[in-house]
Amino acid sequence: MIISADPETQEALANVVRSLDVRREQVLVEAIIVEVSDSLARELGLQYVASGASGESAMPFLSSSYGGSAPNLLALTGATLLQGDDENDDAIAELRRAAINSLIGSSGLLLGGGGQNDDGSIFGVLLNALAEDRESNVLSTPSILTLDNEQASILVGQQIPITTGEAVGDNLENQFRTIERADVGVQLEVRPQISEGGAIRLELRQEVSSIFGQVAEDSTDLITNRREIRTVVQVDAGEIVVLGGLIQDDIQRTDAGIPGLRRLPIAGRLFRSEGTSRRRTNLMVFLRPTIVNTSDQARDITRRQYNSILGSELDPVVVEQLRREMERENTYVAPEPQPLPEAR
């Protein structure tokens with residue numbers, strides 16, 4: 001830089017250069033994401049079927065079946081008792097497929113029995129009892145280092161295909177489908193701004209997403225869970241702040257049965273099916289920003305992360321390579337900064 005001016009202007013510009021030519025501060029943003037979820041399911045139902053003799057002109061028939069119960073006793077009875085012939089083979093095959101799918105979709109305890117008497121009368125009873133508890137704990141600890149007033153982002157996850165459009169021409173020709181890739185996982189976007197006194201202003205977006213499952217068993221469309229926080233906070237360096245929490249409690253109860261009979265004391269249990277499901281989700285996000293303004297602080301942070309990696313279950317070859325890289329001496333020596341010439 002060559003400055004041609006009077007001595008006073010040169011001195012003023014030199015002071016400006018000295019104040020600008022300083023090491024920029026960095027900010028290490030560490031996040032802790034804790035998600036605790038548990039689900040509870042209870043189901044108890046009784047189904048039965050009975051019919052009169054097959055030789056009667058008006059055969060009596062009695063059955064109880066509930067939409068929320070699996071398997072379906074009527075489908076099982078028909079698939080077991082009906083015999084195939086040339087005219088009804090397709091219908092019987094479809095009935096047997098429905099019975100198999102009903103059995104596959106069942107869970108819990110299945111207890112029952114049935115049969116056919118010599119006169120052709122049919123009887124059957126089925127008890128379904130289910131108790132299920134599921135718990136899951138998800139802990140993510142993303143961290144990112146960036147310069148002051150510079151936006152940074154980190155993504156740990158997957159890209160999944162999501163259908164956005166579908167078209168079929170005449171006679172099922174010229175079929176095509178458009179697919180969009182969506183990010184699923186843990187995302188952290190942040191822009192830190194260091195204020196006077198060590199306070200840090202954070203513009204951030206935190207997202208946690210996951211795949212819930214298919215929309216239907218025969219569908220390729222997916223359902224995704226998404227939890228997102230967009231906010232601007234101010235926190236002192238080294239302090240921990242909670243960004244937000246989400247507590248969701250979803251309770252669903254089903255009570256199906258025969259009108260009138262299901263309300264009878266004690267005996268009403270024989271004429272109804274009850275089910276309860278509960279899902280609770282608790283999500284908390286904690287954040288801690290740290291100012292890094294010297295090379296020693298950056299080295300300490302690197303050493304801390306390095307020691308945590310050594311304590312994890314990694315391949316010994318990878319650990320040894322990391323050890324050699326960290327312990328290798330740095331032969332590069334930064335040149336001493338030259339002072340600015342005095343204004344004359």
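## Exercises on a predicted chain

Residues 24 or more positions apart account for 65% of the contacts (heavy atoms within 4.5 Å) in the chain with a separation of 6 or more. The model is predicted, so local features need pLDDT of at least 70 and side-chain atom pairs count only at pLDDT 80 or more, while totals for chains, interfaces and linings use all residues. Residues are numbered from 1 along each chain as its sequence is written, and side-chain values use heavy atoms, with hydrogens and water left out.

**Exercise 1.** State the secondary structure of the chain and the share of its residues that count as buried.

*Solution.* Step 1: the chain has five helices and 11 strands; helices (H or I, at least four residues) and strands (E, at least two) are DSSP runs, numbered from the N terminus. Step 2: 25% of the 344 residues count as buried, where buried means under 20% relative accessible area, exposed over 50%, and partly exposed in between (1.4 Å probe, protein chains only).

**Exercise 2.** Describe the open sheet that contains S6, and identify its edge strands.

*Solution.* Step 1: the order is S6-S7-S8-S9, with antiparallel pairing; two strands pair if DSSP finds at least two bridges between them. Step 2: strand S6 (152-167) and strand S9 (222-236) each have a single partner strand, so one side of each lacks a neighbour in the sheet. Step 3: from one strand to the next, the twist averages 20°, with axes as lines fitted to C-alpha atoms, for helices over the stretch in contact, and angles running from 0 to 180 degrees between N-to-C directions. Step 4: strand S7 (residues 176-194) and strand S8 (residues 199-214) are joined by nine bridges; Leu-188 has Gln-206 in S8 as its bridge partner.

**Exercise 3.** Characterise the backbone and exposure of Asn-149.

*Solution.* Step 1: Asn-149 lies in the loop between strand S5 (143-147) and S6. Step 2: its phi is near 65°, a positive value in a residue other than glycine. Most residues other than glycine have a negative phi. Step 3: Asn-149 is partly exposed, at a relative accessible area of 36%.
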